[in-house]
Amino acid sequence: MRVAIVMGSTSDLPKIEPAVEILKEYGVTVDVRCLSAHRAHVGLSAFIDEANKNGTEVIIAAAGMAAALPGVVASQTVIPVIGVPISGSVLDGVDALMSIVQMPPGIPVATVAINGGKNAAYLALQIIGVKHGEVREKLLAHRVEMEEAAMTANEEVIAKFK
Ligand code: RP5
């Protein structure tokens, strides 16, 4: 099981590290790269070429501002691409969100929320889980844990305002 994560700048790293951690918890091999579509397009193409050949199942691409990266990655592969808009500009990530989500027909990018690295990881795991039963089972167990935590929180709220 292999996922690639590529970001436009090392300034994006704090928003992406949680995704790396989640994927590793599920036993996924994660190739992490910093390759801007604008500043390092030759290196980026070489990396996508590698991913096309080495069994990578999902690519997560994170970028801020003009955020061409996820779309440029998607243009060079049919591996599913998940885009993560990153905040930090004067437009606080809305610029990146609009850029990443507005792909032309035929070249999709599955776009998560601004700084949504965690959901990018969970979506990647769900895609991988179609083929890998052990990942699907672990995701289902995680859903049960979340429900239990939510119901405990509900009990605490009820007790507090009795
Ligand atoms: C984008 O420009 C990067 O993904 C980053 O979010 C933003 C700013 O990059 P730096 O100037 O911090 O390198 O391409």
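Reader: How many aromatic pairs does a search of the whole structure find?

Author: The count is 0 aromatic pairs, with the whole structure searched. Keep in mind that this is a predicted model.

Reader: OK, charges and rings then. Which residue lies over the face of Tyr26?

Author: That's Lys138, placed 4.7 Å from the ring centre of Tyr26.

Reader: Let's zoom out. How many helices and strands does the protein have?

Author: There are 6 helices and 5 strands. Reading from the N terminus, the order is β-α-β-α-β-α-β-α-β-α-α. As for dimensions, the C-alpha atoms fill a box of roughly 60 × 40 × 30 Å along the principal axes.

Reader: Now the helix packing. At what angle do H5 and H6 pack?

Author: About 135 degrees, and their axes are 7 Å apart. Helix H5 covers residues 117–129, while H6 covers 133–160. Angles over 145 degrees would count as roughly antiparallel, so H5 is oblique to H6.

Reader: Left-handed or right-handed, that crossing of H5 and H6?

Author: Left-handed. On the H5 side, Tyr122, Leu125, Gln126, Ile128 and Gly129 make the contact. H6 brings Gly133, Val135, Arg136, Leu139, His142 and Arg143.

Reader: And by class, what does the contact of H5 with H6 have?

Author: It has 5 nonpolar, 4 polar and 2 charged residues.

Reader: Which hand does the crossing of H1 and H5 have, and which residues make the contact?

Author: The crossing of H1 and H5 is right-handed. H1 supplies Lys15, Pro18, Ala19, Ile22 and Leu23, and H5 supplies Gly117, Lys118, Ala121, Tyr122, Ala124 and Leu125. Sorted by class, the H1 contact with H5 has 8 nonpolar, 1 polar and 2 charged residues.

Reader: Last topic. Where is Asp92 found?

Author: In the loop between strand S4 (81–86) and helix H4 (94–101).

Reader: What does Asp92 touch, leaving out residues up to four places away in sequence?

Author: Ser87 and Ile114.

Reader: And how far apart in space are Asp92 and Ala62?

Author: Their C-alpha atoms are 14 Å apart, and the two residues are 30 apart in sequence.

Key. Residues numbered from 1 in each chain as written. Predicted model: local features only at pLDDT ≥ 70, side-chain atom pairs only at ≥ 80, totals over all residues. Heavy atoms only, no water. Axes fitted to C-alpha atoms, helices over the stretch in contact; angles between N-to-C directions. Helix = DSSP H or I, 4+ residues; strand = E, 2+ residues; numbered from the N terminus. Parallel < 35°, antiparallel > 145°, perpendicular 65-115°, else oblique. Left-handed = near helix turned anticlockwise from the far one by under 90°. Contact = heavy atoms within 4.5 Å. Nonpolar A, V, L, I, M, F, W, Y, C, P; charged D, E, K, R; others polar. Phe/Tyr/Trp six-rings, centres within 6.5 Å; stacked < 30°, edge-to-face > 60°. Lys NZ or Arg CZ within 6 Å of the ring centre and 35° of its normal.
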